[in-house]
Amino acid sequence: MFNLPETSQSATNSPISASRVSLKSKMSDSQLSKYNRLKKLLEAPSVDLAKLQELCWNGIPVDLRPTAWRLMLGYLPCNAERRAQTLARKRKEYEDAITQTFGRGEAGLDEEMWHQISIDVPRTNPEVALYRHPVTQECLKRILYCWAVQHPASGYVQGINDLVTPFFQVFLTAYIDEGVDPETYDIGVLSKEALTTLEADSFWCLTKLLDGIQDNYTFAQPGIQRQIFKLREFIERVDAPLAAHLAAEGVEYIQFTFRWMNCLLMREIPMNATIRMWDTYLAEGESGFSDFHLYMCAAFLVHWSEHLRKLEFQEIIMYLQSLPTQYWTEKEIEMLLSQAYIWKTLFHNAPSHFGH
């Protein structure tokens, strides 16, 4: 495993290095070659970000993902010599912000916002043991509230609670043994030092993500409104029969795609599939969670086209609100990512493309 400067042997659990032998033994030759190239790149004195994005586009091995995500988000410096100092400073900043924000307990908080966050966090992935755990819920509540008070233009908006969970889960994997499912891991046994680091890194990476799509969450959520309009235009272009059927049935895109944009499809697909999707989004750079996400939403909708064209208004709405994706794996996501990539290649720089 590639050891970050900030993690100690005790924080990462010593059996990890041995378990990686088992992980690598299950890889094909091509997978092992990619693993070794990515590991070598991550261990370089200065990481070539473009090369990193290229290697990560098709997915990232579990134990290399925490480092790769931090780098692609710009939270971890590409220069290895600067990492320990940068991480220590950012984590101290978060610690100070928590102390200042929660210094007087709940009495000093914005009552309405704290109440909404306190309602939403227990509703976040409630079927998953990790997110039912009181320790996880307290971490998420602090992260969300601290982000909201630092971003008064939007404040807390429902849906942001979903967006922090992939970071929390991915960064948690750095502290548990390979083969242990983070979704069932008892986070209560994690050391205080590791938990503090996990929370701070999740906060800063959520911040980096939202910096690029913040107009999705400001008043009236104009970013989402634009995306929905562009998606409708694009579907008319790539699947005219579906677009015509939705129009004939009086289906408005906002009725089903608002959640796709607000929560980045997280409510529609399992967490492991989301994490795999985010490998590619992060590898796409600044436009991954905006432009590329639009192509992904288009691929997702067209995937159901044949079935949807047989349904009437009420059936369409009900079907799209409860799609049969609960058992989706990386395989299904990678098919959609491939389609999204083809459309991006074909249309993104076209004069009449929806983004221009």
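Reply: Gladly! The protein chain splits into domain 1 (81-212) and domain 2 (222-349), with bounds taken from an automatic or database domain assignment. This is a predicted model, where local features need pLDDT of at least 70 and side-chain atom pairs count only at pLDDT 80 or more, while totals for chains, interfaces and linings use all residues. Residues are numbered from 1 along each chain as its sequence is written, and side-chain values use heavy atoms, leaving out hydrogens and water.

Me: How many residues of domain 1 are in contact with domain 2?

Reply: Contact means heavy atoms within 4.5 Å. Here 15 residues of domain 1 touch 11 residues of domain 2, and the C-alpha centres of the two domains are 28 Å apart.

Me: What area is buried between domain 1 and domain 2?

Reply: Buried area is the accessible area (1.4 Å probe) that two parts lose on being put together, summed over both. For this pair it is about 990 Å², with 70% from carbon and sulfur atoms. On the domain 1 side, Asp-162, Leu-163 and Pro-166 supply 41% of the area buried against domain 2, more than any other three residues.

Me: Which side chains meet in a salt bridge?

Reply: Look for a side-chain nitrogen of Lys or Arg within 4 Å of a carboxyl oxygen of Asp or Glu. The count between the domains is one: Arg-267 pairs with Asp-162 at 2.8 Å, N to O.

Me: Which helix gives the largest share of the domain 1 side?

Reply: Helices are DSSP runs (H or I, at least four residues), numbered from the N terminus. Both α10 (160-163) and α11 (165-172) supply at least two residues, and α11 gives the largest share, five residues.
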